[in-house]
Amino acid sequence: MAQDEIFKGAFTVIRRNRRATLGLPFVAAVMNFLISLLLIAVMPGDTYLRLLTDPAAFEDEELLFAALSEGGMVLMVLATSFLGGLLWAMSLGLLAIPVVRSVYGLPTTLQQTLRLRASRLGWLLLHLLILLVVIGVLALVIVIAGVLLTVATLGFGLLLLVPGFLLLLCWLTAGLMFGPLLIIVERRNAFNAISRSFALNRGMWWRHIGTVALLYLMLLVVLAVTSLPAGIVASLGGELAWQSEQGQNDVIVLLVLGLGQLYDLVLNTLLVALIGTVIGVMYLNARFRREALDVMLQHLAPPSPQTDSDAESLAAVLPGSPEHLAAGSRTPPGGAPQ
């Protein structure tokens, strides 16, 4: 598939399996929202509410310093961000299920997406934690090396560091992005999924790096455009809240916070669904090119279901998985797959 076909394929998957592709990141967004509510319930301080509802509050150095000096609040914010990132990443991995099932035009519900590979969620979580450690160590090394190079070259090293960092970011993303999908589809463990992900990029590094760079550019543009109306509403609501009389400001704060969370929920759901399906289609394309998976899938293509038992068996089919490909070895030449 060419670059435009990958994105067309991703939009086709979203359109035909809306419940799964949009429902999964929606569930992750709702869980993140509940975590935010828990944070507010645990630490309902005025400083934290001001930072949540008024973006201009970050320009107040005294207020920002007071917020950062509260160790409990910083710890809770970091924990919430960490848990939220894990939820988003797990939803990206599970989006591989509706993508690969779309190869045969099979519909996929949200319940199927959560149920088909529920036993792999532990490995997926462990894999994401390993990636977090690896990326954190690499980021620390890169930052230290960048600072030393910048100081040694009196600032001229930034001319090489910025494009080099962007290229390294796209390369690392391309190398690791298939890992969660491999755990879900191919039943890989948390460790060999990393090497398998890098192996799928062989011969297609620049193609995948270009796609990742395009995704990052799309994210920057979308976030820049969508942050303008959200920032205006939050600023106006924050000013009204902190200038209104006692008793009325609580209602305005909750209203602004609710609108902001709803806006973020819809936006994040759409972005995660698009990114997850694009990576899923790229994963299929990599296996098509390197392993002739398309030929094997065509050989194992199921007939149109004629009975309820046939439809029930297709409900558990995950094309490209080890158990699905194993059926090919038991299929006689020219015969129907088991």
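Trainee: Which helices line the largest pocket with at least two residues each?
Mentor: Helices H5 (71-94), H8 (121-152), H9 (158-176), H10 (179-185), H12 (205-243) and H13 (249-291) each supply at least two residues of that lining, helices being DSSP runs of H or I with at least four residues, numbered from the N terminus. This is a predicted model, where local features need pLDDT of at least 70 and side-chain atom pairs pLDDT 80 or more, while totals for chains, interfaces and linings use all residues. Residues are numbered from 1 along each chain as its sequence is written, and side-chain values use heavy atoms, leaving out hydrogens and water.
Trainee: Which residues lie nearest the pocket's centre?
Mentor: Of the 36 lining residues, Ala89, Leu92, Ile135, Thr173 and Tyr216 lie nearest the centre of the largest pocket. A pocket here is an open set of points on a 1 Å grid over the protein atoms alone, where a 1.4 Å probe fits, with protein on both sides within 12 Å along at least five of seven lines, and lining residues have an atom within 4 Å of a point.
Trainee: Where is serine 197 found?
Mentor: Serine 197 is in helix H11, residues 192-199.
Trainee: What follows H8?
Mentor: Leucine 154 follows H8, with a positive phi near 55 degrees.
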